[in-house]
Amino acid sequence: MSTDVVGRPLSRVESRLKVTGTAEYTADVQIPRLVHAYMVMSSVAVGRITSIDTRSAEAEQGVLAVFTHENMPRLKQPAYRPFFKPYIPIQTPDIHHAGQPVALVVARTLEQAQRAAELVEVAYESTGAPHSDLTDGETFLPPEGPDGPNTSRRGDVKRGMAQADVRISAEYTIPMHHHNPIEPHATTAVWEGSKVTVYETTQGLSNTQHVVSEALEVPLADVRVVSRYLGGGFGSKGPVWPHTVLTCAAARVLGRPVKLVLSRAHMYTSNGHRAQTHQRIEFGARRDGRITALDHVITQQVTRDDVVLFNSSEPIRMLYDIPNLSNEQRAVRLDLPTQSFMRSPEACTSHAQEAALDELAYALDMDPVTLRKRNWSARNMEDGKEWGSNHLLECYDRAAKVFGWSRRDPRPRSMREGGELVGWGMATAAHTTGGRPGSGARMTLGTDGKVLIQVGTQDIGTGTYTIMTQIAGEVLGVPVADITFELGDSAFPSSYTSGASTTAPGVGSAVKRLCTVARSAVVGLAVTQPGSRLRGVPAERVRASDGHLFDAADPRVRVSYRSVAGHAGRPLAFQVVPTDTPLGYSVGAVFVEVRVDPLLGRIRVTRVNGCYDLGTVLNRKTARSQVLGGVIWGIGFTLFEHTLVDPASARIVNPDLSGYLVPVNADVPDVQVQFIDEPDPASNALGARGFGETPMTGVTAAIANAVFHATGKRMRDLPLTLDKLL
């Protein structure tokens, strides 16, 4: 096995295509006779359509059809789980939320479709006042969530609290958030007879294939989904949303390819969001810092029609060695669009836990790092099993040293520079990875020695093309320049959704297994082929490097992959089937410096240092990129992001990037990144764990903790805006 490919900061193999504009994203796809669709959205949140007049729209130049609940083909509600919308719109006159699609206009150009959509007249009958905030409705405890039961208990919390010398309790709120990837959601549906090809912005090719098959009642084998590149998704493109199946249905009726690209405003009601949350958390601890009990209740928004909860509580249940614990995940039904996955779904409960731990550290007069070390656990505290590896203690030490944490004066408002208050805060970063179905993979070794690997997975911008090429090069001992890794086509062996930090361990495991099988087979040929220089050498003594197989006892005795395949006289094909990936936990420690203007209340994050344990680092450049993205998102989560809803109409009032604020370059400080880079023996992907969602966790609480250190004011309602500080 080669040893110099994995870990290298290799630039993305597709980078030239992207920077030259030749990488074809979904909305770039051009098909002959293509026409364009645009949606008309409901202006009310609760009610029914009493009439819909499409005559003016249909009379517009270029308009081919206007689909409403009166003429849209009947579609079957998919039972496949990644379709989280509990209904398909434009099937009945019922309205479930403001911004629900009520009509679909198809025209020869996008501009014609948009103009015609403005002319559709809809009358509604209201059936009640909408509920749009957690305070509007009653909480309830759903029996089951996407990750199991919504209650988790161990030990005796009441007794644990009685044993505590110090107890703190607090309440934290986090508003609704929206994803806002640069690339909007897009679908192009192309029918050829009874078969359909769907060009889709998706984090799950298989999800889209199954949902389209069910909704349109087409055999699965007759649905092909293609998604070569994705301009961000952050969870929003993991489920399959109604606009996809509506576009496919319209294309089948019209007998022409139809393209639908959501507007930025439409994305605020059409593809999920992070649900608003309220958390109540109570800690009890002894004077030495050992936590005796934790009581936690998180309440989050669901729709009227479903009760699926997506802000998960793994950090509460798993991270620290807490003997007595109670965790409940409650819900409130509101008249809002469907909530869904959003990057780092464990970030909400992580924020409350890590901010409350800072409060506990002050109550104990203890360093926040020391408190966390006292309660470190090498086990998954939910099931008692040891993690494959956990180097969190080393992360604390290394990050603290580089940050200069020992120079911190813990007293609030004690550190200043110029006219600004300086605050230092820290928190633990942790997120589950894997624990989901894995991937299949297939490979062809050509007679020219070139390697082609195909997996029906997605590159959501995280570097999947590149790290899978590196894994293949490492295992095969073939230069990465001789390897082509193809993805983004459901015709390839199936793979799980690119979410829950599963792609690196899931697809990586499949590529490793595939290349191990292929290398063994090629070695078998090399030691038996007539004329081979390795003929007769024991197979276990053969090594691979730089496109060659060689005898470990005498490296001069070697043959190339090309010569072995060429001697076989045909391309060599190999395939592996999916296997489940083990659950892992990627962890880290993040330290943050903020500066606060005491007169204006302006908060600036000026320095971030993080050290992370993600098992084997497959590519230092792409891993660092994940940290930078997580830190930037953490800054937005804590200081800026807030979806606003009008309580009277339940309409989103800031559905664009002028009103929904995200960080820009001027908001991003120097970010220093360290990695432990020790293989996790439980991982089947060369010791690597998933990592993409870990870096955002920890950042949010570290910023809030630093703001308290700077100002002496504890703010528990996000975002931390200047009006709250002043």
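Me: Where does Val211 lie in this predicted model, and is the residue buried or exposed?
Reply: In this predicted model, Val211 has a relative accessibility of 0%. Buried means under 20% relative accessible area, so Val211 counts as buried. As for its place in the chain, Val211 lies in helix α5, residues 205–216.

Me: Which residues does Val211 touch, leaving aside those up to four places away in sequence, and how far in space is Val211 from Val166?
Reply: Happy to list them: Val211 touches Pro78, Tyr80, Phe83, Val240 and Val245, with residues up to four places away left out. Val166 is 45 residues from Val211 in sequence. Taken from C-alpha to C-alpha, Val211 and Val166 are apart in space by 52 Å.

Me: Is Met443 buried or exposed, and in which strand is Met443 found?
Reply: The relative accessible area of Met443 is 2%. The cut-off for buried is under 20%, so Met443 is buried. The strand that holds Met443 spans residues 441–445 and is β21.

Me: How far apart in space are Met443 and Gln454, and what does Met443 touch?
Reply: Met443 and Gln454 are eleven residues apart in sequence, and their C-alpha atoms are 6.4 Å apart. Setting aside residues up to four places away in sequence, the residues that Met443 touches are Val451, Leu452, Ile453, Leu476, Leu514, Ala518, Leu572, Ala573 and Phe574.

Me: How do helices α12 and α13 cross?
Reply: Helix α12 covers residues 464–476 and helix α13 covers residues 503–526; their axes come within 9 Å and cross at roughly 30 degrees. Angles under 35 degrees count as roughly parallel, so α12 is roughly parallel to α13. In handedness, the crossing of α12 past α13 is right-handed.

Me: Which residues make the contact of α12 with α13, and how do they divide into nonpolar, polar and charged?
Reply: From α12 come Thr464, Ile467, Met468, Ile471, Ala472, Val475 and Leu476. From α13, the contact residues include Val507, Val511, Lys512, Cys515, Ala518 and Arg519. The residues of this α12 and α13 contact divide into eleven nonpolar, four polar and two charged.

Me: Which word describes how α15 lies to α16, and what is the handedness of their crossing?
Reply: The axes of α15 (residues 620–639) and α16 (residues 699–711) come within 8 Å, crossing at roughly 55 degrees. That angle makes α15 oblique to α16. The handedness of the α15 and α16 crossing is right-handed.

Me: How many residues of the contact of α15 with α16 are nonpolar, polar and charged?
Reply: On the α15 side the contact is made by Val631, Gly634, Ile635, Phe637, Thr638 and Leu639, and on the α16 side by Val699, Thr700, Ile703 and Ala704. The residues of the contact of α15 with α16 divide into seven nonpolar, three polar and no charged.

Me: Is Thr68 buried or exposed, and which residues does Thr68 touch?
Reply: Thr68 lies in the loop between β3 (63–67) and β4 (94–95). Its relative accessibility is 3%, so Thr68 counts as buried. Not counting residues up to four places away in sequence, Thr68 touches Ile52, Thr54, Ile90, Val102 and Ala103.

Me: What radius of gyration does the protein chain have, and what percentage of its residues is buried?
Reply: A compact globule of 726 residues would have a radius of gyration near 27 Å, so the 27 Å of the protein chain agrees. The chain's secondary structure comes to 17 helices and 30 strands. Of the 726 residues, the buried ones make up 61%.

Note on methods:
Residues numbered from 1 in each chain as written. Predicted model: local features only at pLDDT ≥ 70, side-chain atom pairs only at ≥ 80, totals over all residues. Heavy atoms only, no water. Axes fitted to C-alpha atoms, helices over the stretch in contact; angles between N-to-C directions. Helix = DSSP H or I, 4+ residues; strand = E, 2+ residues; numbered from the N terminus. Parallel < 35°, antiparallel > 145°, perpendicular 65-115°, else oblique. Left-handed = near helix turned anticlockwise from the far one by under 90°. Contact = heavy atoms within 4.5 Å. Nonpolar A, V, L, I, M, F, W, Y, C, P; charged D, E, K, R; others polar. Rg over C-alpha atoms; globule rule 2.2 N^0.38 Å. Buried < 20%, exposed > 50% of the residue type's maximum accessible area, 1.4 Å probe, protein only.
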